[in-house]
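Please take a moment to look over the sequence and the 3D structure shown below, and keep both in view as you read.

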Amino acid sequence: MKLNNYALVTGAASGLGAALSERLINEDYIVIGIDQSQDWPVRLQKKFNSNFIPICLDLKNTQELHGLKSEIEGITDKLDLVVFNAGLNHCGRFFSNLKVHLDVINTNLISQLIMISELETFLKKDSQILVISSTASLKPSYFQISYGLSKSSLNYFWRSIRKELRQKGISVTLAVVCAFKSPFLHKGNMDLSRHPRLLPLDYVAGKCIRAISRKRRYVFIGVRSKLQYIVFNLVGWRVGDCLTRFLNRKESFDLFDR
Ligand SMILES: NC(=O)c1ccc[n+]([C@@H]2O[C@H](COP(=O)([O-])OP(=O)(O)OC[C@H]3O[C@@H](n4cnc5c(N)ncnc54)[C@H](OP(=O)(O)O)[C@@H]3O)[C@@H](O)[C@H]2O)c1
């Protein structure tokens, strides 16, 4: 008899990955957290040896990823949920630094292609995949070229491979997320004056968990207009959320086949 559900979460040491890991542990998952940082949040450290298994891995170092299969084999034979969350951002002109752009593409995109190939044997009927994409994937931006390129390619990849996975009973939820409060924006050299409206981290984590529990094919999590911002902050997140869904319904239909 299988007692526990196993979830693998990338980028679990910080921001959304840490918030999702905590929520999944509270829902009785055993979480295998992958991150390059060994600086695990204290709240997750308390779960070490019981329901949080940390793995230190640099996702942009694609050679390291080929050892992942044997590492997971020592833990479980089935992953009930895989959350592709880890991400790297860089804001700046394309011609300034090619290496950093390649790091962004390796971390955000290539690592996922290798990981899904390595993890295929652990994905069985009813396994789920959650992919954290970004609204930066939806329109070109001259100052976030490699980030937008990696995220839009992810949208393409996961929407395309979805059918193949569905034949095995595996579902994919693609989350397209607006800017939210986390250390991410500072790390990416982001000018925060461009993003005065930031979603609360807990709100984003809650929406992601709800989307996977409902097996949604995609979820758009965000604030687009001043009106939405005012409603979100003055009236409340629930009403703001309904308005977001209403305002984005056309775009969502255009972007994602249901
Ligand atoms: N925050 C936003 O406004 C926003 C908006 C839309 C979408 N997203 C997406 O949401 C996801 C999570 O972002 P977040 O805001 O939670 O960011 P975060 O707080 O920076 O967390 C990302 C985690 O991934 C880790 N990571 C980065 N590169 C890695 C690598 N090469 N190998 C292993 N781990 C690596 C980071 O480690 P280090 O701390 O060592 O770098 C960090 O622990 C990302 O995919 C991001 O693109 C974020």
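The model you are looking at is predicted. Its protein chain contains 10 helices and seven strands, and of the 258 residues in that chain, 38% count as buried. If you take the contacts between residues at least 6 apart in sequence, 63% of them join residues that are at least 24 apart.

The seven strands form an open sheet with parallel pairing, and across the sheet they follow the order 3-2-1-4-5-6-7. At the edges are strand 3 and strand 7 (218–221), each of which pairs on one side only. From one strand to the next, the twist averages 15°. As a general point, the strands of a sheet pair through backbone hydrogen bonds, in either a parallel or an antiparallel way. Here, strand 1 (residues 5–10) and strand 4 (residues 81–84) are paired in the parallel sense over three bridges, and in this pair Ala7 stands opposite Leu81 of strand 4.

Helices pack on this sheet as well. Helix 1 touches strand 1, strand 2 (29–35), strand 3, strand 4 and strand 5, and its direction makes about 165° with that of strand 2. Helix 5 (residues 145–166) touches strand 5 and strand 6 (171–177), with its direction making about 160° with that of strand 6.

If we leave aside the neighbours of Val31 within four places in sequence, Val31 is in contact with several residues, including Ala7, Val9, Leu24 and Phe52.

Which residues come nearest to the ligand? Of the 28 residues around it, these are Gly11, Gly15, Gly87, Ser182 and Phe184. Helix 1 (15–26), strand 5 (128–134) and helix 6 (184–187) are the elements that give two or more residues to this shell, whose residues divide into 13 nonpolar, 11 polar and four charged.

Finally, two loop residues deserve a look. Asn49, in the loop between helix 2 (42–45) and strand 3 (52–56), has a phi near 70°, which is a positive value in a residue other than glycine. Asn49 is exposed, because 8 other C-beta atoms lie within 10 Å. Asp126, in the loop between helix 4 (98–119) and strand 5, likewise has a positive phi, near 75°, but Asp126 counts as partly exposed because it has 14 C-beta neighbours inside 10 Å.

Terms used. Residues numbered from 1 in each chain as written. Predicted model: local features only at pLDDT ≥ 70, side-chain atom pairs only at ≥ 80, totals over all residues. Near = placed C-beta within 6 Å. Helix = DSSP H or I, 4+ residues; strand = E, 2+ residues; numbered from the N terminus. Nonpolar A, V, L, I, M, F, W, Y, C, P; charged D, E, K, R; others polar. Contact = placed C-beta atoms within 7 Å. Buried ≥ 20, exposed ≤ 12 C-beta atoms within 10 Å, placed from the backbone. Pairing = 2+ DSSP bridges. Axes fitted to C-alpha atoms, helices over the stretch in contact; angles between N-to-C directions.
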